[in-house]
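Student: I have a model open and would like to learn how to read it. Could you walk me through some features, one at a time?

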Amino acid sequence: MSGKKRKFVIIGAGVAGVAAALAIREEDGDASITLVDEEADFPHYRFMLGDVLLGTKDERGIFIKDERFFDEKEIKLRRGQKVLKLSVTEKYVFLSNNERLTFDAILISVGRREVIPSHLKQYSRWLSLFSTLENTLTIKSRIPHAKRAILRGKGFNALELARVLLRSGLEVVLVTPDKRLTYPSMPEEENEDLRRIITEAGILLREGEDINRIEEKNMHTYSVELLSGDRHRR
Ligand SMILES: Cc1cc2nc3c(=O)[nH]c(=O)nc-3n(C[C@H](O)[C@H](O)[C@H](O)COP(=O)(O)OP(=O)(O)OC[C@H]3O[C@@H](n4cnc5c(N)ncnc54)[C@H](O)[C@@H]3O)c2cc1C
């Protein structure tokens with residue numbers, strides 16, 4: 001060992017990136033560790049976004065660790081900076097603020113991104129994903145103006161969002177393009193149980209359907225047309 005400080009760059013400051021930074025710090029008290037994330041928000045637990053939406057937790061309540069902890073551990077956070085380029089041969093990353101960070105070791109923990117499906121991109125300004133603190137706060141700001149929410153998707157995130165919006169007093173329509181509410185590995189009987197629970201809870205389930213068109217009626221009111229031709233007002 002030359003005694004030179006090793007430089008680690010971690011792309012993605014979700015639970016995986018933060019856990020990796022802490023593990024590196026435990027192994028190497030001198031290393032330079034930089035966590036880069038394109039989201040401007042402080043690293044937080046995504047699975048708690050429903051609590052923020054419901055108002056049972058504030059933003060700070062879902063932070064993985066607080067600012068002081070990162071300072072004490074000497075883990076540098078670069079928030080709101082997207083990694084645009086990575087060179088493993090020249091050992092650098094290039095960030096959206098035009099900065100170049102060099103490294104001895106790189107770790108990629110970028111998770112999975114939800115995206116608006118291509119046939120709905122033209123309506124993006126009226127749609128929200130439920131994946132980051134930022135878009136959760138956007139959804140939250142829309143709740144007071146809404147009577148009904150139309151959700152599109154499947155899996156636990158869609159069900160969590162449906163649960164929270166229902167508890168916030170909205171009528172909820174869940175449009176699932178697939179015939180399954182969750183993942184293929186879930187047995188059909190369990191899928192059926194889930195279907196029953198959801199329907200009994202008051203969620204209007206539209207399985208095997210998709211959104212075809214969205215029209216703005218007036219501020220905060222939209223008409224959503226499904227492929228079958230059915231219309232729902234949001
Ligand atoms: C609402 C909701 C509820 C959930 N509930 C559960 C649950 O109950 N149980 C469960 O097990 N899981 C749940 N999940 C999933 C869980 O949150 C994820 O599995 C977990 O966040 C994955 O952690 P990660 O660190 O691998 O990735 P992420 O949390 O996705 O973090 C990756 C980070 O990489 C950043 N990034 C990506 N590309 C770049 C780039 N080019 N430059 C810079 N930064 C970049 C992203 O901004 C992001 O912050 C839920 C997710 C959501 C959204």
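This is a predicted model: local features need pLDDT of at least 70, side-chain atom pairs count only at pLDDT 80 or more; totals for chains, interfaces and linings use all residues.

Student: Let's start with helix α6 (residues 188-201): what span should its 14 residues have?

Tutor: An α-helix has 3.6 residues a turn, so residues three or four places apart point the same way. Helices here are DSSP runs of H or I with at least four residues, strands are E runs of at least two, and both are numbered from the N terminus. The expected span is 1.5 Å times one less than the number of residues. For α6 that gives 20 Å, and its end C-alpha atoms are 20 Å apart, which agrees. Residues are numbered from 1 along each chain as its sequence is written.

Student: How many residues of α6 are buried?

Tutor: Burial is a count of C-beta atoms, placed from the backbone: 20 or more others within 10 Å means buried, 12 or fewer exposed, and in between partly exposed. In α6 the count of buried residues is 0, so by this definition the helix is hardly covered. Across the protein chain, buried residues make up 21% of the 234 residues.

Student: Is Arg79 buried, exposed or partly exposed?

Tutor: Arg79 has 14 C-beta neighbours inside 10 Å and therefore counts as partly exposed. Arg79 sits in strand β3 (residues 75-79). Contact means C-beta atoms, placed from the backbone, within 7 Å. Leaving out residues up to four places away in sequence, Arg79 touches Asp37, Glu39 and Ala40.

Student: In what order do the strands of the open sheet run?

Tutor: Strands of a sheet pair through backbone hydrogen bonds, either parallel or antiparallel. Here two strands pair if DSSP finds at least two bridges between them. The 3 strands of this open sheet follow the order β4-β5-β6, with antiparallel pairing. β4 (83-87) and β6 (100-102) are at the edges with a single partner strand each, so one side of each has no neighbour in the sheet. Strand β5 (residues 92-95) pairs with β6 over 3 bridges, and Tyr92 has Thr102 in β6 as its bridge partner.

Student: Which residues touch the most other members of the largest nonpolar core?

Tutor: A nonpolar core is a set of buried Ala, Val, Leu, Ile, Met, Phe, Trp, Tyr and Cys residues joined through C-beta atoms within 7 Å. The largest one has 21 residues, and Ala162, Leu165, Val172 and Leu174 touch the most other members. Elements giving two or more residues include α4 (133-142), α5 (155-167) and β9 (171-176). The largest share, 5 residues, comes from α5.

Student: Why does this core lie between domain 1 (7-108) and domain 2 (118-233)?

Tutor: Both domains give residues to this core, so it lies between them. The domain bounds come from an automatic or database domain assignment. Ala162 is in contact with Leu151, Val172, Leu174 and Ile203, leaving aside neighbours within four places in sequence.

Student: How many residues of domain 1 are in contact with domain 2?

Tutor: 9 residues of domain 1 are in contact with 11 residues of domain 2. The domain centres, taken over C-alpha atoms, are separated by 31 Å.

Conventions: Two residues are in contact if their C-beta atoms, placed from the backbone, lie within 7 Å.
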